[in-house]
Amino acid sequence: MTNDNTISRLSVLVVDDDQFVLDSLSTLLEILGYNTTKYDSAIAALAALKHEYVPDIIITDYKMPEMDGIEFLGRVHNIYPEIPVIVMTAYAEVDVAIDALKKGAFDFIIKPYKSEQITQALDKATKHIRYIELEKDYKILLEKTVKERTAELLVALEELKQANIEIVHRLVKASEYRDEDTGEHIKRMSFYTKAIAEELGESKDFVETIMFASTMHDIGKVGISDTILLKAGRLTPEEFEIIKSHTIIGAEILKDSKLPFLEMAEKIALTHHERWDGTGYPRCLKGEDIPLEGRILIICDQYDALRSKRPYKRPLTHEEVFKIITEGDGRTLPEHFDPDVLNAFEKCEQLFNDIYNRHS
């Protein structure tokens, strides 16, 4: 079908078994400026349509020996539902014409027809075609606009997300500078948790969220005095109780957010020192009462703490740390960790070593 706005470019298929009507109507249409194709057989016309001949308008007689106009109309619309079909009927067949309209005919013409009737029907069909084309163009433009705006919105949301991530990373890094190795600890924690979560078969959303949320596990240390936090020697029992409060402080800082990564970060801050056997802090939670995020964090944090140099201890090798976590050394025991998380750690332990070496 044409997109051109000139009537001369529109094509009309005429179907009538009466050769005189067929020839006279085709001649009239040519005079009116339409490109005309004519068939004296409904079956031949359908065959042409099935071979991708697509007229803009179809005019068909109702009474034909092979099939009536209603059946022809139905078959046409099964192939090209948008083509307007005009049905020609005799005066005595007005009821048939009305039925044709109900069955999807665009219009009808009463025989013997007058040229004004033909012109009027074709003008209406032409306007209908133009409307359909405009509607299609509008839909295409609308879909294109929606896609463009959606793409722009996704870019803006991603930029906002990355800006939020960068701001949080910088704030967390500032807090880590107080007692960690220039903030590299938070990078390692992000990659450790990713490795464990993926080994556990967690969803892509969970993996992405815990990578970000894990960096805030020790945010509560901002509320701990430097005198205790940076003490070179071992802590007294009283000082250790104060250190333990960083879990509560961190959860308080992060609570009441509606953002998924901050909701997870609150759980992590509160529970990353809870142990599977119930000997952790601050609430002595046990087993699956500890959120999965906390169960993942404790083994990652323990690995990194044992690998790292402290004023009161030397850094341990990967092999030494792996043995301590999986076999125990009296202070650290396998019973401290979720068995599934411990199993995942054992499967990706070499990746932990690579992460530590790459971000030391």
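This is a predicted model: local features need pLDDT of at least 70, side-chain atom pairs count only at pLDDT 80 or more; totals for chains, interfaces and linings use all residues.
Reader: Within what arc do the buried residues of α3 fall?
Author: Helices (DSSP runs of H or I, at least four residues) and strands (E, at least two) are numbered from the N terminus. In α3, residues 69-79, the buried ones (under 20% relative accessible area; exposed is over 50%, partly exposed in between; 1.4 Å probe, protein chains only) are Gly69, Ile70, Phe72, Leu73, Val76 and His77. They line one face of the helix, because the directions from the helix axis to their C-beta atoms fall within an arc of 160°.

Reader: Which residue caps the N-terminal end of α3?
Author: The contact is polar (a pair of N or O atoms within 3.5 Å; within protein, one must be able to donate a hydrogen and the other to accept it, and residues adjacent in sequence count only if both atoms are side-chain atoms). The backbone nitrogen of Ile70 lies 3.0 Å from a side-chain oxygen of the capping residue, Asp68.

Reader: Which residue forms a salt bridge with Lys136?
Author: The structure holds 17 salt bridges (a side-chain nitrogen of Lys or Arg within 4 Å of a carboxyl oxygen of Asp or Glu). This pair links distant parts of the chain, 54 residues apart: helix α5 and the loop between α3 and β4. Lys136 is partly exposed, at 34% relative accessibility. Across an N to O distance of 2.9 Å, its partner is Glu82.

Reader: Is Glu184, which pairs with Lys187, buried or exposed?
Author: The closest N and O atoms of this salt bridge are 3.6 Å apart. The two residues are three apart in helix α6, and are therefore separated by about one helical turn. Lys187 is partly exposed at 38% relative accessible area. Glu184, at 16%, is buried.

Key: Residues are numbered from 1 along each chain as its sequence is written. Side-chain values use heavy atoms; hydrogens and water are left out.
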